Amino acid sequence: MIGNWLDIGPVTQIEPGTARTLPVVGGEEIAVFHTMRNEFFAIVNKCPHKQGPLSQGIVHGDVVTCPLHNWNISLRSGKALGDDEGCVPTIPLKVDAGRIYLLRSAVIGGDDQAEAA
Amino acid sequence: MNAPMNFEEGRPAGHVRERLVVIGNGMAGCRAVEEILARDPGRFDVTIFGAEPRVNYNRIMLSPVLAGEKTFDEIVINTQEWYDDNGITLVSGDKVESIDREHKRVVAASGRIEPYDKLLIATGSDPFIIPVPGKDLDGVVTFRDLDDVDKMLAAAGQGGNAVVIGGGLLGLEAAHGLNLRGMDVTVIHLMPTLMERQLDEAAGWLLKTELERRGQTILTGANTKEIVGKDGKVAAVRLEDGTEIPASIVVMAVGIRPATGLAREAGLDVERGIMVDDHMVTSDPSVLAVGECVQHRGMCYGLVAPLWDMCRALADHVTENPTGYEGSVTSTKLKVSGIDLFSAGDFSGGEGCEDIVMRDASRGVYKRVIVKENKVLGAVLYGDTADGSWYFDLMKKGEDVSDIREALIFGQAFASGGALADPNAAVAALSDDAEICGCNGVSKGQVVSCINGGAHSLDAVRSTCKASASCGSCTGLVESLLALTLGGEVESGPKTMCKCTSFTHGDVRKLIVEKELREIPQIMQELHWTTPDGCASCRPALNYYLLCAWPGEYEDDQKSRFVNERMHANIQKDGTYSVVPRMWGGLTNPKELRAIADVVEKFNAPMVKVTGGQRLDIFGIKKEDLPAVWADLNAAGMVSGHAYGKSLRTVKTCVGSEWCRFGTQDSTGLGVQIERMTWGSWMPHKFKIAVSGCPRNCAEATIKDFGVVCVDSGYELHIAGNGGIKVRATDLLCKVETEQEAMDMCAAFIQFYREDAWYLERTAPWVERVGLQYVKDALAAEGAVEHYAARFRYSQQFMQDDPWAKRAAGEHEKLHQHLAEVRPFPGAKMENA
Ligand SMILES: Cc1cc2nc3c(=O)[nH]c(=O)nc-3n(C[C@H](O)[C@H](O)[C@H](O)COP(=O)(O)OP(=O)(O)OC[C@H]3O[C@@H](n4cnc5c(N)ncnc54)[C@H](O)[C@@H]3O)c2cc1C
Ligand code: HEM
Ligand code: SF4
Ligand code: FES
């Protein structure tokens, strides 16, 4: 069971209102957000518009504004808001006992069985 | 029920009744038993185990007990007689240690074994202890049960300092109690806003100010690093930034975790809480669970209201009349006497959400209702919570509020007042001597006669009779009076700062100084912002205005800055950054050039370019490499070039009299001096300077914000030029004879611009708006140059610390570093970056 979740460290390592990144070798970079309401989200660090680094945007509520052309992306759904269209993949995340966990299969794209063996 | 009765005990014979064993003598466990008794009193033989050595009491009232407002006896829910009268066996002070599902029995710490037919787990939550050094010291307590309160009271008896870690509901109630008991209390909260789950920034700020007024010290955005002990007892709390706060008691109130240990060990399905269905049945049909320890439809609760519904559904189920529990919507109140605060639902905003905000600075009231698709989605109330339950009710029922939308924020009494729901009608109904503007004591009659006298816009009213000119809370009333008096002829006034306020940039700047407003949430409250926390256009503006008004005092709000100003570099379209080191007056030397060349090679920068501002721009630097790049540049003596900010950019110079055959003065030397004086200053917009050594003007000084053109007899000072899309040549401000005068005038002009212009207004549009003469007059007044120049130099003391050096030394390092790197190989391990 534990093997399904990847422990990426304590909640305090991400300052509220900011995001930090987690590059996956051979995969996409993941942006992990800590909102001002103390919620955590993980999405792929690529704006659906022109691949802007969403981790560098201004976070307000559960939305991040892309630093390049100000698209608003919902951290909850990964969807572009307003008139813009597009979607960025989200990665299931949970917080337990002050630590952040990402769903392993969503991070590395592999199946959990291989990992558990 | 026609079971044979055991006449000695007045109830059915034991073996016929089912045996119900409850683990947890707390609020949910006992309530569940009460609910079952109310439906079918003869159904079970009940045994309740409680780890606490006492009867069941109202846990939420521990706060008033701590504060000395209640005694323990007053908060007992079920007395010993209740257990006796209902034939319940209470095993108190004995913790259940294991559940043996195979043999259907539980084993307690005392060794007592109790068989069950049905088991109810109601173990509540455990306080979460942050894993810092010193957490086990004597004097570190949590806030969960009466024993904790006793420990706090014992400490309070000795007086001294208390530190509460956690600025949520529990922490603040603990802090309040300890404060009333005479301790010096400091609250340490990790997040920037107190109770951030329940409050937005505006309400959190009001709460913080009130608690500070009561003598508590509130540290937000503070991270506990260590609890420092002395002789095995707590002595202080040390924060990550090194601050040490003395403490004779430390209360940890950072959150709770469902107490699931027993269930987990017994092999029941557990995620965050014990998994239950709508009837509170766990993965074992004989085992039920209720209260804070459960997880229902993905939710774990930390408040009592959901427990009541859970207990109802549980009792319906075990008495074979299943109804089901569907989850709860919760609301929060803070139990601190004298503070009215209410919060419910979702207020994180988002797609399609609309905020309705009302503020009354004089009464300290802030109300915000969040509406989406004509339904109330959430509410945050501070200072006046009378309508909390009404909003909560509208929210829970999902009622359509489109009919009362206009009056919603004024509360139930107003919204249901029929005709009064039209604000104009309400204003029309006011008598002539009714006060409209409390700040300036202006009556309705005065406002109307002022409108009839020719003031046909909000702004005209403000300047004529002063109504609505101070805090703005009566703006709506004045607008109604304008509409009523003039019909459709209201003139729209000058552009307001943004949609969040009825004030212009100029008004806001003036009021910040007049009313001595020192924080963003304070401005928003005092000037009645119509949004909870502003928007992307007013926040950076207010941040700048405060920086300018209170140099050295105001703490820059990083959240109100755009990415470039947060990262101290320019973001490029591929997400990398460009780095421009400062080269004073465009001068450089081999050491600097070598450092730049080394950086380019070391970090594989794909391009270096000479900019139009006479600097070298290194392109393609990754955010995680920025601190290292800056460290290398710092080592060669270079600081940030601020090519990314609303700040002084560059001072461009020509070679001047030192080399050039036309040169009249040392333009390079003057340029370097000016740059040394002005670098690092934040401005309404970017600001460029140039110094040319003669009127041939090679440095293009006449398209700069401030340009110096040297002549034989001195220095011509030009202002408000601009290149870019709309080219504007400078206006001549004045001519001076000495370098010192040129420097002073430069400082004075910049400061006047900093204090007078609107945020994002370059000098060119500013001078066109206010007029050249206005600027000349301001600076020509007796002593004006000295006055403004001195203010500029004062504020520069605080601005001229190199942001790069601080970053290179580790400040905000988290902004730059990756969390870690994931290598998806079999047996892969996390690598710390
Ligand atoms: C100071 C304070 C103030 C609060 N204020 C509010 C408020 O204003 N509004 C609000 O809605 N909620 C408030 N709460 C939360 C509220 O008290 C809880 O939601 C509620 O008590 C939960 O009930 P419960 O039965 O699930 O847990 P509890 O009431 O904690 O009961 C669990 C009981 O089980 C016992 N137990 C645990 N494990 C075992 C075991 N193995 N064997 C035997 N016994 C065991 C525990 O000792 C405890 O007595 C407050 C809580 C605290 C601490
Ligand atoms: C709307 C206004 C403007 C914007 C948004 C803007 C933006 C920029 C940006 C992003 C850069 C690149 C900086 C870097 O990445 O390091 C730049 C460079 C520069 N800007 Fe502007 N600029 C504006 C107006 C002007 C004006 C009015 C001038 C001239 C008066 C000007 C002169 C320059 C020069 C000379 C450079 C250096 C270019 C080079 O040599 O690479 N800019 N500007
Ligand atoms: S501006 Fe005049 S002094 Fe300066 S380089 Fe040009 S010609 Fe020479
Ligand atoms: S890349 Fe994000 S808005 Fe353009």
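**Before selecting anything**

Residues count from 1 along each chain as its sequence is written, while chains are lettered from A and ligands numbered from 1 in the order in which they are written. Because the model is predicted, local features need pLDDT of at least 70 and side-chain atom pairs count only at pLDDT 80 or more, whereas totals for chains, interfaces and linings use all residues; side-chain values use heavy atoms, leaving out hydrogens and water.

**Stop 1**

Select β5 (58-60) and β7 (72-74) of chain A, the edge strands of a sheet, each pairing on one side only. The sheet is open, has three strands in the order β5-β6-β7 and is paired antiparallel. Helices and strands here are DSSP runs, numbered from the N terminus (helices: H or I, at least four residues; strands: E, at least two). Two strands pair if DSSP finds at least two bridges between them. From one strand to the next, the twist averages 25 degrees.

**Stop 2: the domains of chain B**

Move to chain B and colour by domain: domain 1 (18-125 + 258-318), domain 2 (140-254), domain 3 (340-421), domain 4 (427-560), domain 5 (563-645) and domain 6 (648-799). These bounds come from an automatic or database domain assignment. Show domains 2 and 3 of chain B: their centres, taken over C-alpha atoms, are separated by 32 Å. Domain 2 of chain B gives 11 residues to the contact and domain 3 of chain B gives eight residues, where contact means heavy atoms within 4.5 Å.

**Stop 3: helices α1 and α9 of chain B**

Select residues 27-39 (α1) and 305-318 (α9) of chain B; the two helices pack with axes 8 Å apart, at an angle of about 40 degrees. Axes are lines fitted to C-alpha atoms, for helices over the stretch in contact, and angles run from 0 to 180 degrees between N-to-C directions. α1(B) and α9(B) are therefore oblique to each other; under 35 degrees counts as roughly parallel, over 145 as roughly antiparallel, 65 to 115 as roughly perpendicular and the rest as oblique. The crossing of α1(B) and α9(B) is right-handed, which is the case when the near helix is turned clockwise from the far one by less than a right angle (left-handed if anticlockwise). Show side chains at the contact, including R31(B) and E35(B) of α1(B) and W308(B) and R312(B) of α9(B). The residues of this contact comprise 10 nonpolar, no polar and five charged. In this scheme Ala, Val, Leu, Ile, Met, Phe, Trp, Tyr, Cys and Pro are nonpolar, Asp, Glu, Lys and Arg are charged, and the others, Gly among them, are polar.

**Stop 4: two hairpins in chain B**

Next select strands β17 (residues 224-230) and β18 (residues 233-239) of chain B, antiparallel and joined by six bridges. G229(B) faces V234(B) across the pair. The two strands form a hairpin with two residues between them, and D231(B) in the turn has a positive phi of about 55 degrees. Continue to strand β19 (residues 244-246) of chain B, which runs antiparallel to β18(B) with three bridges. Here V237(B) is opposite I245(B). Four residues lie between β18(B) and β19(B) in their hairpin, and G242(B) takes a positive phi near 100 degrees.

**Stop 5: helix α13 of chain B and its partners**

Select α13 (residues 444-452) and α15 (residues 475-486) of chain B, whose axes come within 10 Å and cross at roughly 55 degrees. That makes α13(B) oblique to α15(B). Among the contact residues are V448(B) of α13(B) and L482(B) of α15(B). V447(B), C450(B) and I451(B) in α13(B) meet V461(B), T464(B) and C465(B) in α14(B). These residues divide into five nonpolar, one polar and no charged.

**Stop 6: a five-strand sheet in chain B**

Finish at the open, mixed sheet with strand order β36-β37-β38-β39-β40 in chain B. Its edges are β36 (648-653) and β40 (731-736) of chain B. Neighbouring strands are turned by 15 degrees against each other on average, direction ignored. Helix α25 (residues 772-780) of chain B packs on the sheet and touches β39 and β40 of chain B, its direction making about 25 degrees with that of β40(B).
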